[in-house]
Amino acid sequence: MPYDTITFALTDRIATITVNRPDKLNALNDRVIAELGEAIDSARANPEVGGVLLTGAGRAFVAGADIVELEQHGAVSAKALAQRGQDVFRRFETSPKPTIAAVNGFALGGGCELAMACHIRIASESAKFGQPEVKLGLLPGYGGTQRLPRLVGKGRALQLLLTGEMIDAAEAYRIGLVNRIVPAGDLLSAATTMLQSILANGPLAVAHCIEAVNRGYDVTLDEALALEATAFGLLAATADKREGTRAFVEKRAAKFSGA
Ligand code: COA
């Protein structure tokens, strides 16, 4: 499928989606949001794809929503814009296939929100994070007010949201916004290695871990534990569970089929 503002490449079961508007620091205009939606849908639907790596071309991951476009929006169209972006980002978050953001540079506004919608974030040493929307008289509209406190805690989230300050990768790591920091030159290989280590595991188990965390997060602990027990029971009936336990007993690597 031809894309204008992103690239999509499939190698060894890893779909690499690269936001590709480097002259505008990969700012998210309508077209980018729509293409990210098409890309994650096609990755989710394609049986050849095991997981998704998301990154940016040039010196930015994504420097936010496109401010030139934002300037044109009124109340009704801006709400619809936020909902469209939220919907696309949610499809990354709820993907049964693991999604890793390889944050190569600025992850500001919608860029930080997009990274947070991925399951895991790996940052290059030069990455910068922030939610500067208040500087524009706005608030984050792609989930930032909700995912940031869930990731880093309410106090730290409010500090970032209210000051609009930019933080470096080391600080993002310290507060739990990113999982790992690596030298810039190692970013894609580190993200690929982590994704490959996930893809070596039972795909149904991985998918159900993602679902249990996502669905269990905002319900009562009792409801969440019930979800977990049901998923555990379901996985216990799979061929992959039989293969995984048998391989352990036979002291060999498991070969999962996803069934
Ligand atoms: N929307 C639209 N265009 C953007 C953009 C955005 N969010 N972020 C950067 N750009 C464009 C710039 O306008 C510039 O375009 P131009 O060359 O046609 O003038 C180009 O990308 C390069 O950005 P520039 O500002 O010159 O780079 P810099 O290194 O001096 O500064 C940033 C980098 C990230 C600090 C700065 O671009 C910035 O503050 N961007 C906006 C971040 C933001 O507020 N995001 C949240 C939006 S809700």
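Which domains does the domain assignment give for the protein chain? Okay, let's start there. The assignment gives domain 1, covering 6–199, and domain 2, covering 203–249. Keep in mind that what you see above is a predicted model.

So how do the two domains sit relative to each other? Their C-alpha centres are 27 Å apart. Where they touch, nine residues of domain 1 are in contact with six residues of domain 2. Together the two domains bury about 590 Å² between them, and 54% of that is on carbon and sulfur atoms. How many salt bridges are there between domain 1 and domain 2? The count is one. You can look at R150 and D218 too: their side chains form a salt bridge, with 3.0 Å from N to O.

Strand β1 is residues 6–11, and six bridges connect it to β2, with the two strands running antiparallel. If you want a pair to find on screen, take I6, whose bridge partner in β2 is V19. β1 and β2 make a hairpin, and two residues sit between them. One thing to look at in that turn is D12, which has a positive phi of about 50°.

Stay on β2 for a moment, residues 14–19. Is it mostly covered or mostly open? Mostly covered: five of its six residues are buried.

On to β3, residues 51–56. Here β2 and β3 run parallel, again joined by six bridges. Two spots to check by eye: A15 stands opposite V52 in β3, and T16 stands opposite L53. To get from β2 to β3 you go through helix α1, residues 30–45, and the three of them make up a right-handed β-α-β unit.

Why do we call β3 largely enclosed by the rest of the structure? Because six of its six residues are buried. What I like here is how the side chains are arranged. G51, L53 and T55 point one way from the strand, while V52, L54 and G56 point the other way, and all of them are buried.

β3 has another partner as well: strand β5, residues 99–103, pairs with β3 in the parallel sense over three bridges.

Right, last topic: charges. Side chains of opposite charge can pair when their charged atoms come close. How many salt bridges does a search of the whole structure find? It finds 14. Let me show you a few.

Take D66 and R21, which form a salt bridge with their closest N and O atoms 2.9 Å apart. D66 is in the loop between β4 (60–62) and α2 (67–70), and R21 is in the loop between β2 and α1, so this pair ties together parts that are 45 residues apart in sequence. Buried or exposed, these two? Both D66 and R21 are buried.

Next, back to helix α1. R31 and E35 form a salt bridge, and their closest N and O atoms are 2.8 Å apart. The two residues are four apart in the helix, so about one helical turn separates them. R31 counts as partly exposed because its relative accessibility is 42%. E35, on the other hand, is at 2% and so counts as buried.

There's another pair in helix α3, residues 75–93. R90 and E93 both lie there, three residues apart, about one turn of the helix. Their side chains meet in a salt bridge, 2.6 Å from N to O. R90 is partly exposed, with a relative accessible area of 40%, whereas E93 is buried, at 13%.

And one more thing to find before we stop: E243, R246, E250 and R252 are linked in a network of salt bridges.

Conventions: Residues numbered from 1 in each chain as written. Predicted model: local features only at pLDDT ≥ 70, side-chain atom pairs only at ≥ 80, totals over all residues. Heavy atoms only, no water. Buried < 20%, exposed > 50% of the residue type's maximum accessible area, 1.4 Å probe, protein only. Pairing = 2+ DSSP bridges. Right-handed = clockwise from strand over helix to strand, strands pointing away. Domains from an automatic or database assignment. Contact = heavy atoms within 4.5 Å. Buried area = accessible area lost by both parts, 1.4 Å probe. Salt bridge = Lys/Arg side-chain N within 4 Å of Asp/Glu carboxyl O.
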